[in-house]
Amino acid sequence: MVSMATKPAITHAGLPPEKLRWSCDPARIPFDTTAQAEPLDGVIGQDRALRALKMGVELPAPGYNVFVCGLAGTSRGGMISRMIEELQPTTKLSPDRCYVNNFKNPDRPRLLSLPPGQANAFKKDMQSGIEFLRRRIPQVFEGEPFQRQKGRIVDRFTVREKELMDDFTRRIARDQFALGHMQVGAVALPEIFPVLEGQMVPIEDIPKLVHEGKLETVAAEELERKYEQFRQEFTVVYRKTLTLSRELASELSYLEQEAASVLVDGFIEELKEKYPGAKIAEYLEEVRHHILDNLDPFKEREGEDEHQQQSSPDGGSRAPAGERDPFRVYGVNVLLAHNEQDTSPIIFETTPTYANLFGTIQRSYDARGGWTSDFMDLRAGSVLRADGGFLIMYALDALTEAGVWRTLKRTLNHGKLEIQPMDLFFPFGTSALKPEPIEINVKIILIGDRAMYELLYEYEEDFKKIFKVRAEFDEEMEMSDEVIRQYGGRLRKLSEEEGLWPFDRTAVAAMIEYGVRKAGRRSKVTARFTDLADLGREACYVAREASETTVTAAHVRRAIEAKVERHNLIETKIREMIEEGTLLIDTDGSRVGQVNGLSVLEIGGYSFGKPVRITASAALASPHRQRSARRA
């Protein structure tokens, strides 16, 4: 049997008791109390994450959206918003967006994009123009020049119609027939009557006269034959009168269009000059033709039916329930409007539902329960409001809200936003509207944790294409005098915002020691200021309970002890069991194959150790295992 040489075990120098716990010398604190420190806001010691975030918000290429992980705190979205504001990225303000009616295809609302700040002005000018036409067109139609021309046209067609009827009346009069009217319900219809003894007799009464002997059968048959002949001729004459009526209506319509076109053309041309652009000019031309082809609503004087009109949310008028406002088709639905002082938007969406993000199409219900939707019912969401800027939301909310993640991927992949209602909620009555898509340029910033990022990166194919930037915040940073100064500034800012007492240098030193303990290394301190902020609030509470106006190290230590007491009930029970002898622990002597160990338990963020016994046993292997070992 070959003997194996053994190496002596490496021995490490033990830590002296004074190095088991790091202490912060209060002399390192550069102020007596935090009231003397310079207020500081924002994150500390996160240069790596800030560089990644800066690249993500400034790089305009597609797919460079940002996934933030490792950031702690209750208002992470607000913190990211402030960080983007401090970076001041160079972005271009998006144009104003509004939807208008598509007169050729009403189910496909037309999108108009105007320079920033002009959408509301365009809407107001359209409303003013329509109101102007509603006032002036009736005045033109009631004016003497228009009535004189209209009278001449009507007189001309009246004479032509009278000539047709008179000629027919004279022809039938030679055969003892006359043209009259027969009452059928509430309507008087023209009818041909035989004239017997100077009286007009309905053709239905001829058999009766024959039966009474007042008329010969041969004469009656002749009357009926001529009646059928004249009736066919009258049909031809009546058709000619209908043709004349259509010609009259056409000429009157042309006259009305000629009279109104002066006003309409002035209104349209003024808007085209004020708002240049091919799409706006095309829309205004459609408005011009639609107004001139549908002048009937403009003939009524504005104000005659005010008692029937109701104000609508878009600032125009609305017909009573069950009726459509004929002027609604000329409205402008502004979805995105800017002011001259606006900068690129930074929106933190706390409730990222489908409708809140992507917008929806509302429904207008009538008195019978039926509903309709048109271009005025389109509503914008946060994605459109953040166009040209940044939209921040929590990743977990985006993944769990129905339909949000799928639509978000589609929107970012294609760079276009389509406003549609959520089909899940209306499976049997989705809207037939398909608005024109909106080309958007928005940066999405999702906030999540590392595990969620890894899952999405591994199993979601589109994720790595649309979220190319990972901004990871570290949980610790290097300890230095500058970090101590920055933490003092953050405590000063916290005291100002929440009305806390100032912290003296011993309190700040005690809180720095707590931060180093959270980091777990002497040369590091935690970067999660939210933990220190909670400790500061609790220490201030202890100081107030003691009727003191400055927070000291003693208050901080009592706050830590109270925090531990709120979480260490199980630890206390375990210690009691050890003291009572329920749990047995050998602390002297030695045992073969047995050592004492310590398992670390964490409950509610508080960690403590529980003693455990670790044992090992050895035995002779079975013959089969011995043969296998020898062959190996």
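Start with the five strands that form an open sheet in the order β10-β15-β18-β1-β19, paired in parallel; two strands count as paired if DSSP finds at least two bridges between them. Helices (H or I, at least four residues) and strands (E, at least two) are DSSP runs, numbered from the N terminus. This is a predicted model, in which local features need pLDDT of at least 70 and side-chain atom pairs count only at pLDDT 80 or more, while totals for chains, interfaces and linings use all residues. Residues are numbered from 1 along each chain as its sequence is written, and side-chain values use heavy atoms, with hydrogens and water left out.

**The parallel sheet**

Select β10 (346–348) and β19: they stand at the edges with a single partner strand each, so one side of each has no neighbour in the sheet. On average, neighbouring strands here are turned by 20° against each other, direction ignored. Axes are lines fitted to C-alpha atoms, for helices over the stretch in contact, and angles run from 0 to 180 degrees between N-to-C directions.

Next, pick strand β15 (residues 390–394) and strand β18 (residues 443–448), which pair in the parallel sense over five bridges. Tyr394 has Ile447 in β18 as its bridge partner.

Now move to strand β1 (residues 66–69), joined to β19 by four bridges, the two running parallel. Which residue of β19 is the bridge partner of Val68? Select Ala471 to see that partner.

Stay on strand β19 (residues 469–472) and show its side chains. In a regular strand the side chains alternate between the two faces of the sheet. Here Val469 and Ala471 lie on the covered face, and Arg470 and Glu472 on the uncovered one.

Contact means heavy atoms within 4.5 Å.

**The antiparallel sheet**

Select the three strands of another open sheet, ordered β3-β2-β9 with antiparallel pairing. Its edge strands are β3 (110–114) and β9 (332–336), each pairing on one side only. Neighbouring strands in this sheet are turned by 30° against each other on average, direction ignored.

Zoom in on strand β2 (residues 96–100), which pairs with β9 in the antiparallel sense over four bridges. Tyr99 stands opposite Asn333 in β9.

α3 lies across β2, β3 and β9, at about 170° to β9, while helix α7 (residues 278–293) lies across β2 and β3, at about 130° to β3.

**Helix α3 against helix α6**

The α3–α6 crossing is right-handed, meaning that the near helix is turned clockwise from the far one by less than a right angle.

Show side chains at the contact: Phe132, Leu133 and Ile137 are among those of α3, and Leu263, Val264 and Phe267 among those of α6. The residues of this contact divide into 13 nonpolar, one polar and four charged. Ala, Val, Leu, Ile, Met, Phe, Trp, Tyr, Cys and Pro count as nonpolar, Asp, Glu, Lys and Arg as charged, and the others, Gly among them, as polar.

**Last stop**

Finish with helix α15 (residues 481–498) and helix α17 (residues 529–545), packed at about 55° with their axes 11 Å apart. That makes α15 oblique to α17.

Definitions and conventions. Angles under 35 degrees count as roughly parallel, over 145 as roughly antiparallel, 65 to 115 as roughly perpendicular and the rest as oblique. Buried means under 20% relative accessible area, exposed over 50%, partly exposed in between (1.4 Å probe, protein chains only).
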